[in-house]
Amino acid sequence: MADEPASARGRPGKDAGSASFGKPLLSLALAEMMEDVRALAGGVYLLAPGGSVLEMAVMAGLPRAFAAPWERVGLSSPVPVAEAARERRFVWVGGEGDMARRFPRVAVVLPYPFALAAVPLATSSTVYGSVFVTWPGSHPSELSDRERAQLSAACDRLALRLERAAAEHRPLRPEADLLAIPPEETADTLGTVEAARMVARLPYGLCSLDLHGRVCFVNAAATELLGIPARGLLGTRLWVSVPWLNDPVYEDRYRAALFSLHVTSFVALRPPGDWLSFRLYPSATGLSVHITRARAVGDLDRAERPPGGPSSLVTISQVLSLAGALTEAAGVEDVVQLVADEIMPAVGCQTLVMLGSRGGRMHVLGHRGYTDPQLVERFDGAPLTEQNPGTQVLTTGVPAFFESRGQLDRLFPALRDVPGQMAAWAFLPLIASGRPVGTCVLGYAERHAFPADERAVLTSLGGLIAQALERALLYDAKHRVAHGLQAALLPSSLPSLPGFEAAARYLPATQGMDIGGDFYDLVTAHGRASAVIGDVQGHNVTAAGLMGQIRTAVRAYTTVGQAPEEVMSSTNRLLIDLGTELFASCLYLRLDPDSGRAVMARAGHPQPLLRHPDGQVRVLDLAGGPLLGIDASATYPPTEVELPPGCVLALYTDGLIESPGVDLDEALGALGRRLAATGDRPLDELADDLVEFGAGVTDRVDDIALLLLRARAENRARAPLP
C-alpha cells in the first residue's frame, strides 16, 4: 500500500488503550523515549494539513527557542526530521562534524558538539511525522544497537496509537513542553540559610540561570562585579539586563553550554576598562555561572576571546550581500568574480578555484589569487577517476578540509611532488538540485584550523554559490547553443561580387537568448548578384529557425531566376503556408555591376541609406508592400536605384536605430550623419563603426544586422537592366 501522509485533521489526542482521556499522549511518549536512551532533549513533529509541512507538537529538555528556526519544516527540507519522515528511515547524526557535512543549515544555527537521532512516526500505510532526540557532545559518535532499537520500537508504538486514535476521529489537543523541574527554593536563594551565607562569603561572583537563561540567584560578589543590584538581575536574562553583555556572542555561549552540556567560558569588557571572566557549568536543569576578574586585564585583547559562533566568521549582512549579488551573476565568470569579491575577504582565504566537470573530466572554471596560473590549470582536464581532492569532492559531494600541507599529502600521496603556494584548503561541494555541479576550493597561505562551526558556514555558503553556478552553467550553455545556431544560419563569409565590395555585421540583443531573427545574405546566380536583409519577429529559437527557412527560400527563388518582386511574393506565400504566427520584414535587391543600378523590392523593412561619393547621404524612398506573412495577395512593386562609383549602400534592420526613449527620425538622422562622416573609410572599418553606433545602448532589446555595399570605380556602363 502506498504511503499516505496524515494531516493535523486526523491527529489523535490520546490512546484509548494505553492512556486515559486527559493525559497527554505525545509528551508522555517523548519523555519515556528520552528516559530510556538518556537523551538531553527531544521533540515530536506531526504533519500539517496537506501533508507537506511538519509542525513541532511538543518539545522536551530544552526551551523551544533552541528549535525556533524549525517550528515548521517543509517535508523536502534538508534537515534530519524532514529526511526521517520523507524517506521513512532512521537518521543518525554522530556529532558536530557529521552535522556540518550532511546538514549544514542546521549546523550554522547550532554549531555545538551534540548528537541527534531522527525517527519516523509511520505505520505500514501512513506517515504521521517524526521524532528527534539529542545527546550532549560526550555521547559516542555511533549509536548503540540498544538505543536504536528502543527508539525505533517507541516510535512504532506511538505511530500505532496515532493510527488508532485517527480512526476513532479523536483530534489532538495542545500539549505543554516538558522542561526539567528545578529543586524547590528556600531561604529565597539556594536552599538552606547556611548555604546562602556560605555563598555570600565567597570572593567571586556566582549566579544561577534556568534553562531559559533567566537569573534565579545571584550573590553579592556577582552584583558588585556586574555593577547591577540583585533586584535588577533576578528574573532577567544577563544579556538583556547587563548592557555590555548585549551581544549575540555571549548568548551563544549559554546556548552552547546547554546544548552540549560542556563547560563554556568567555571574557567581556565592563566599561571603561575592566575585563571579567565568565565560566558556565551546565546541567539538565540550568547553569551555574562563575564570574571573576580576568587575568592580565591591561593586556587582554578582545580578539583573544573564544569564538562566539558563526557570526564571527561571516555576518548575516555579508550572506545577504552575497545572495543578492549572486542573483545578478549571469555567466560562470561572473560567479567566480563575485565569490572572489564577497567570500574571500569574509573568510580570510587568499586563493579561489572553481571546478566543474564535463565528459568525465574535471575542468577549471575560473580562479583568483594565484601568481602562477599553471599551478591551477595543470589540473584542467584531469579524469574524474584521478585521486585528488578536487575530483573526490566533485564525485562524492562531501566537503574536505585540510588544515596543513602535510595532512593533504598523507591523504593524497600523489600530490606530494606537486608544487603549491598555499598551506591549507577547504574543498566545498557545490550541490544544486540534488547533484554536484562543481567544487569551490578556498586556499589559505598559513595553516588553518577548520572548527565545526566554520565548516558548517563554509558548506552553507557553498549552497548559495551552487545555485548561482548552476544557473550560470545553464546560461553559458544556452549562449553557446545560441551562438552556434546563429552562426550556422548566417553566411560564414560573403562571396566576391564583380563591381562591388561587401561587408556585413550581426549583433544579438543583450536581453533574451542572445539569438534572433535578423539575417542577411548575398547570392550570385545567372551572372548577377542579389542581396537580402530581413528581420523575423522575436528573439528566440523559433524566430531563428524561421529566419533560416526564409533565407533558404530567398536563395532558392533567386537561383531559379525570379525577379525581385517575385522573390518577395513567393517568400510571402511560403511564410503564410508555414502557418506561423510570426511576421518578417525584408529588403531584396538585384545588382547589375555593368549598369551600376539595382532593382529593389521592400516588405515593411526600414528604408536603406545611400551615401554618394561627395559625402551626401539620403534615405531611399522605396515603394513596398506589407510585412511578409500577413496577406497572401500582397504585391511588392520594384524600384530602380542608381549606384554611382564610390557610393555606399547601407542596408540594416531596425535594431540599429530603435531604442527605448529615442525618436526614430532622430536616430535615423544620426545614423546618416555618422555614415556621411566616416563613409570613406575601408568598408570593414565602416561596418564596425556603424554597428558601434547601435551597440552603444546598454540594454539592447533588439538584434542588429548590417549589410554594406560599395560600388567600385570600375563600374562603367549605365545601360538599363534587362
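Modeller: Start with helix 16. Helix 16 has 19 residues and reaches 27 Å from first C-alpha to last, close to the 27 Å expected at 1.5 Å a residue. That expected span is 1.5 Å times one less than the number of residues. Helices are DSSP runs (H or I, at least four residues) and strands likewise (E, at least two), numbered from the N terminus.

Biologist: What kind of model, and which conventions?

Modeller: The model is predicted: local features need pLDDT of at least 70, side-chain atom pairs count only at pLDDT 80 or more, and totals for chains, interfaces and linings use all residues. Numbering runs from 1 along each chain as its sequence is written, and side-chain values use heavy atoms, without hydrogens and water.

Biologist: Which residues of helix 16 are buried?

Modeller: Among them are Ala 543, Leu 546, Met 547, Ile 550 and Val 554. Buried means under 20% relative accessible area, exposed over 50%, partly exposed in between (1.4 Å probe, protein chains only).

Biologist: And just after helix 16, which residue takes a positive phi?

Modeller: Gly 561, at about 90°.

Biologist: Where is Gln 537 found?

Modeller: In the loop between strand 20 (528-536) and helix 16 (541-559). Gln 537 counts as partly exposed because its relative accessibility is 40%.

Biologist: What is Gln 537 in contact with, sequence neighbours aside?

Modeller: Leaving out neighbours within four places, Ala 543, Glu 581, Leu 582 and Phe 583. Contact means heavy atoms within 4.5 Å.

Biologist: New topic. Thr 391: buried or exposed?

Modeller: Buried, because its relative accessibility is 1%. Thr 391 lies in helix 13 (residues 389-396). Beyond four places in sequence, Thr 391 touches Met 362, Pro 383, Leu 384 and Glu 386.
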